[in-house]
Amino acid sequence: MGYKKRKLEIIKKFISLNIILDGRKLLKNKGENSKDLSELESHFGKNLRSLFEELGPVFVKFGQLLSTRRDIFSENIITELEKLQDDVKEEDFENIKEVFYEEFSKDIYDVFDEFEKKPLASGSIAQTHLATIKVGSLERKVVVKIQRKDMDKRVVEDLKIMNDLYKKLEIKLEGIKSFNFGEIIQEFSLSLIREIDFEVEKNNIKKYRKLNIQKKDLLSPDVYDSYSSKKILTMEYIDGKSIRTVYEKRSDIRKELAEKIIGAYVNQMFTYGYFHADPHPGNIFVDDNLNIYLIDFGIVGNLSENYRYQIMKIFLGASFNEVKLITDAIIGMGLLEFDSKKIGDFEKRIQKLLDKYMVMSLNQMKLADLIRDFYTLLVDYSIKIPSELTNFAKTVLILEGLIEKLVYKESFLELALPIAKSMVFKIFSPDLVLDRIRPKMYDTYSLIKEFPQTTLNILRQLARGDFRIIDQKSEEERKSYEKTENQKTQAIIFLGLCLIIASSLLGLAFVEIDKNILKALLVTSLFLGFFMAFAIIKNIYRKE
């Protein structure tokens, strides 16, 4: 299908489901709370999900990304988008062989000793097959992930159409700018382009394996470079099953696995700052010895050292009911500018949020609700949430859903709190604090060394009259400022003259003077007043 034909197909689907019309209604009624609005949101969510499913893998994945954006969509829309699945029919085996030949210029059976035609799993981007290779004299089972035929071309075409349609809709839909869909589409495009490049996924696995070497870390399959390319990824076979098979095991086994997963993810996020960002049950395998493996590293997340530090400050602030610590962390992340007029109101909103959850037990608390309320607060203050934090929040929510299925009687927060507390003490330990301070020691030394001399120079300039404050305003801002000041000056002069004339006339009224002379003075004063007003108005219009 060509670009124009595909674009026309997408537009027809949008029109047939009234997506644009419903979207405009939602934007118009944004901020209201009513049963009608709730029904409209659910209807919009269902139509959006149907649209994405009909349009194929690129739009399904886009819908899955949107389902994590609680800072944009209401819970009714999110609930519908979370139902999106990218399971599709298996690719024809002849197409699989063709893709393999294009990459290696060899037939599949010339490279692998055995290769099963029936896929282990079939996804929207690729499917996996069980195969066998020889390593020395030994035969080893491997999993070969092969991209669907022409998937890269389809992805590029659909992303271009998505960008083109957004540019047209951006003008027509009022309020769309507040959602910043342009940035979301750009972020999604970069993410999907990386996801269809299996060289990127291979490197993600290698990085994960290099970092996660402790006993408490989760395992991952090794990769085989010589059997991998941009469209083919060959990995170690894991003799295990999806963690779903553990749901029926004894409660103590399930709890042990849940605690291990939480501990490992806390370590990934806050020690390494690099984590597997798609931990749904299909991507977590457990073997007979209860070893846990993460598979599918197409989506990974990063947390900078600053974000890790600030997130822990938010956790500490929430634990000790210290609002200022939370505000300081949000400012430290660069999400909120320090404004003395807004900070007070912002802190009151945070306190109100904390009060709501402080009266709950950990078992009653849902992390999804807490994150949703926190996102609402940030959106109210026009705070844009970076993709780093969105990815982090999405991963935590997926984990919460998984843990609830493993441990029925205890909540995710009950299990996570002790582990998170130990991580806080580790992050704020003297050694790590010293490591954080050490790079800034030279700057501090320079400041102490240069401060007296710099201060003395400023004082000397003041004494000589050489000290100047440079105005950083643009030419346009400067002209506007001068115009306003001139108008103020003219208004004050006019008011002063009016007061002088009025007081003079009032004084003359009490003095015995000929009435005709008084009338002449009054007419003259009125004429002067009108003349001055006319002169000022004319001057203002001439400057404009």
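Two residues are in contact when heavy atoms lie within 4.5 Å. Keep that in mind as we walk through this predicted model, where local features need pLDDT of at least 70, side-chain atom pairs count only at pLDDT 80 or more, and totals for chains, interfaces and linings use all residues. Residues are numbered from 1 along each chain as its sequence is written, and side-chain values use heavy atoms, with hydrogens and water left out.

Let us start with the whole chain. The protein chain holds 22 helices and ten strands; these are DSSP runs numbered from the N terminus, with helices (H or I) of at least four residues and strands (E) of at least two. Among contacts with a separation of 6 or more, 67% link residues 24 or more positions apart. Of its 544 residues, 41% are buried, meaning under 20% relative accessible area with a 1.4 Å probe, protein chains only.

Now look at strand S5, residues 232-236, where four of the five residues are buried. Strand S4 (residues 138-147) runs antiparallel to S5, and five bridges join them; strands pair if DSSP finds at least two bridges between them. Ile146 has Ile232 in S5 as its bridge partner.

Finally, visit Asp278, in the loop between strand S7 (274-276) and strand S8 (284-287). Leaving aside neighbours within four places in sequence, Asp278 touches Asn283, Ile299 and Ile398. Asp278 is buried but has no salt bridge, which would need a side-chain nitrogen of Lys or Arg within 4 Å of a carboxyl oxygen of Asp or Glu. The nearest side chain of opposite charge, Lys394, is 5.1 Å away; here Lys and Arg count as positive, Asp and Glu as negative, and His and the chain ends are not counted.

Conventions: Buried means under 20% relative accessible area, exposed over 50%, partly exposed in between (1.4 Å probe, protein chains only).
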